[in-house]
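Biologist: I am new to reading protein models. Could you take me through one, feature by feature?

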Amino acid sequence: MNSFPQAQPGERATRVYFTERTPAVLRLDDGRRVPGKLKVVSLTGGLLSVARPVETGSTAKVMFLTGAGMVLGAAKMLSPLSWELQAFRFVSLTCGDHERLKTTIQESMNKHRTHHGQIERSRAW
């Protein structure tokens, strides 16, 4: 079953910013493969670092590996932010891919909270 990720009205989806290399691959409708690195991801889309931008409005399958497993989703390419940064919006994810992505985002938020808490305790000490 596919889900169509949407943010709540007036609410921006939680984003995860990757500091480590997170390889990703776009498979375009014409068969081309575009390698990249995932920089930011949310339940509604993300941002890839690519050698050169993909045409705005084109559709592709985007695949990347997370700590919770591989995520594969259909995406629409949005306007690039620069020559190297390509934004995309998920148009379809299977329930399993959606859950893996949700788990990855939640784990990242928990790790950030724990790290932030340790910094605050160190400052208080």
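Modeller: Start with what a strand is here: a DSSP run labelled E, at least two residues long, numbered from the N terminus. Two strands pair if DSSP finds at least two bridges between them. With that in hand, a hairpin of three residues joins strand 4 to strand 5. Keep in mind that this is a predicted model.

Biologist: Which elements does the chain have, and in what order do they run?

Modeller: From the N terminus on, the order is β-β-β-β-β-β-β-β-α. That makes eight strands and one helix.

Biologist: In what sense do strand 4 and strand 5 pair?

Modeller: Strand 4 covers residues 33-41, and its pairing with strand 5 is antiparallel, over five bridges.

Biologist: Which other strand pairs with strand 5?

Modeller: Strand 8, residues 85-94, also pairs with strand 5. That pairing is antiparallel too, with five bridges. Look for Gly45: Arg89 in strand 8 stands opposite.

Biologist: How do I read burial? Is strand 5 mostly covered or mostly open?

Modeller: Strand 5, residues 45-50, is mostly covered, with six of its six residues buried. Now check which way they point. Gly45, Leu47 and Ser49 point one way, while Gly46, Leu48 and Val50 point the other way. Both sets are buried. Across the chain of 125 residues, 35% count as buried.

Biologist: Where does Thr14 lie, and what does it contact?

Modeller: Thr14 sits in the loop between strand 1 (2-3) and strand 2 (16-17). Because its relative accessibility is 41%, Thr14 counts as partly exposed. Setting aside neighbours within four places in sequence, Thr14 contacts Val41, Ser42, Leu43, Ile105 and Met109. Thr14 and Thr44 are 30 residues apart along the chain, yet their C-alpha atoms are separated by 9.1 Å.

Notes: Residues are numbered from 1 along each chain as its sequence is written. This is a predicted model: local features need pLDDT of at least 70, side-chain atom pairs count only at pLDDT 80 or more; totals for chains, interfaces and linings use all residues. Side-chain values use heavy atoms; hydrogens and water are left out. Helices (H or I, at least four residues) and strands (E, at least two) are DSSP runs, numbered from the N terminus. Buried means under 20% relative accessible area, exposed over 50%, partly exposed in between (1.4 Å probe, protein chains only). Contact means heavy atoms within 4.5 Å.
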